[in-house]
Amino acid sequence: VFPNGCAVCEVEVDPDTGRVHVVRYVSVDDVGRCINPMTVDGQTHGSIAHGVGEALLEQIRLDPRSGEPLTPSFEEYGIPSSTTLPPLTCEIVEVLSPTNPLGIKSGSEGATAGAPACVISGIVDALKVFGIRDIAMPATPLVIWQAIQQAQARRSPQGEPE
Amino acid sequence: MTRVTIDVNGKRETREIKPRTLLVEFLRDHLGLTGTHVGCDTTQCGCCIVLLDGCAVNSCTMLAVQANGASVTTIEGVAEGDRLHPMQAAFREHHALQCGFCTPGFVMSALDLVRRNKNPTEADIRYWLLGNMCRCTGYENIIKAIKAGAAAMAQAR
């Protein structure tokens with residue numbers, strides 16, 4: 001018996017800058033019996049932000065020679081801001097667990113697992129017109145812009161823009 | 001050492017401090033008002049926001065001597081006794097926090113937003129909150145709370 005869920009998002013990619021906007025995000029989670037929906041929803045929002053942050057922004061970088069952290073503050077390490085996410089739609093489905101008297105599974109943090117796949121799938125779908133089949137996280141504007149440039153260079157071997 | 005006098009939450013406070021003392025150190029270490037938090041120390045997270053003559057400022061990026069003679073409001077000065085301010089009540093009602101570390105900064109920031117814009121839209125709130133960071137909530141309920149808090153403040157007026 002596992003908690004499980006589903007997440008769907010709509011993203012827009014600006015091909016000139018590589019910038020991603022998540023314009024809609026919907027999730028449904030089966031948490032077993034939901035004792036306090038208000039706090040489960042609150043945790044779900046936060047865990048979506050964690051997952052979207054991982055997909056779009058967050059990476060700990062170390063200097064390969066010295067091991068020195070290169071992302072020690074918010075100047076270098078990006079976390080989601082108030083404008084990163086759209087208004088979230090989160091629903092809960094209660095499929096009671098048979099393994100304990102309360103019917104509880106676990107809640108709230110499942111969204112962190114689904115969000116990166118959800119967001120990156122959306123980005124790859126948007127970029128399939130360029131022949132791009134995968135994007136590494138974090139999908140920063142630079143990563144996406146470079147992928148678009150490389151895809152275009154592959155299509156026209158002289159390096160001329162199409 | 002230098003002498004500063006700052007009106008904090010309606011009470012005049014005079015202390016002898018080192019000139020390099022930050023406003024947030026003055027509040028936390030000299031006055032014991034630990035509701036104002038230090039998150040990043042680099043003016044990005046907004047956990048240390050207080051009102052200086054009504055305007056939201058990052059108190060980790062300001063010297064206490066710069067606030068000499070001014071009036072400062074911290075999170076401790078927002079409620080009236082046991083009665084929460086409408087903005088605080090809205091944060092509680094809408095579950096606009098998880099760990100709560102950033103919450104004082106968000107409440108103080110929201111009070112300055114509503115002072116400037118009595119009826120902020122969701123877009124206004126999101127843009128205004130770019131100076132506050134939250135790791136736990138995804139901002140969703142904070143935005144709802146500030147919208148509701150602004151409406152409650154308008155009604156209370």
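In β4(B), V57(B) is the bridge partner of V50(B). The strands β3(B) and β4(B) pair in the antiparallel sense over four bridges; two strands pair if DSSP finds at least two bridges between them. The model is predicted, so local features need pLDDT of at least 70 and side-chain atom pairs count only at pLDDT 80 or more, while totals for chains, interfaces and linings use all residues. Residues are numbered from 1 along each chain as its sequence is written, chains are lettered from A and ligands numbered from 1 in the order in which they are written, and side-chain values use heavy atoms, with hydrogens and water left out.

**The sheet of chain B**
- An open sheet of five strands runs in the order β2-β1-β5-β3-β4 (chain B), with mixed pairing; strands (E, at least two residues) and helices (H or I, at least four) are DSSP runs, numbered from the N terminus.
- Its edge strands, β2 (11-17) and β4 (55-58) of chain B, each pair on one side only.
- On average, neighbouring strands of this sheet are turned by 40° against each other, direction ignored.
- Helix α3(B) packs on the sheet and touches β3, β4 and β5 (71-73) of chain B, its direction making about 40° with that of β3(B). Contact means heavy atoms within 4.5 Å.

**Helix packing in chain B**
- α3(B) and α5(B) pack at an angle of about 50°, with their axes 10 Å apart; axes are lines fitted to C-alpha atoms, for helices over the stretch in contact, and angles run from 0 to 180 degrees between N-to-C directions.
- α3(B) is therefore oblique to α5(B), a class for angles that are not under 35 degrees (roughly parallel), over 145 (roughly antiparallel) or 65 to 115 (roughly perpendicular).
- Residues of α3(B) including F106(B) and L111(B) meet residues of α5(B), among them I142(B) and I146(B).

**Nonpolar cores**
- Of the 32 residues in the largest nonpolar core, M87(B), F91(B), F106(B), L111(B), I142(B) and I146(B) touch the most other members. Such a core is a set of buried Ala, Val, Leu, Ile, Met, Phe, Trp, Tyr and Cys residues joined through side-chain atoms within 4.5 Å, where buried means under 20% relative accessible area (1.4 Å probe, protein chains only).
- α3(B) gives the most to this core, with seven residues.
- A second, separate core of 30 residues includes V20(A), Y25(A), C118(A) and I120(A).

**A hairpin in chain A**
- Strands β1 (residues 4-13) and β2 (residues 20-30) of chain A pair in the antiparallel sense over 10 bridges.
- β1(A) and β2(A) form a hairpin with six residues between them, and G18(A) in the turn has a positive phi of about 80°.

Conventions. Buried < 20%, exposed > 50% of the residue type's maximum accessible area, 1.4 Å probe, protein only.
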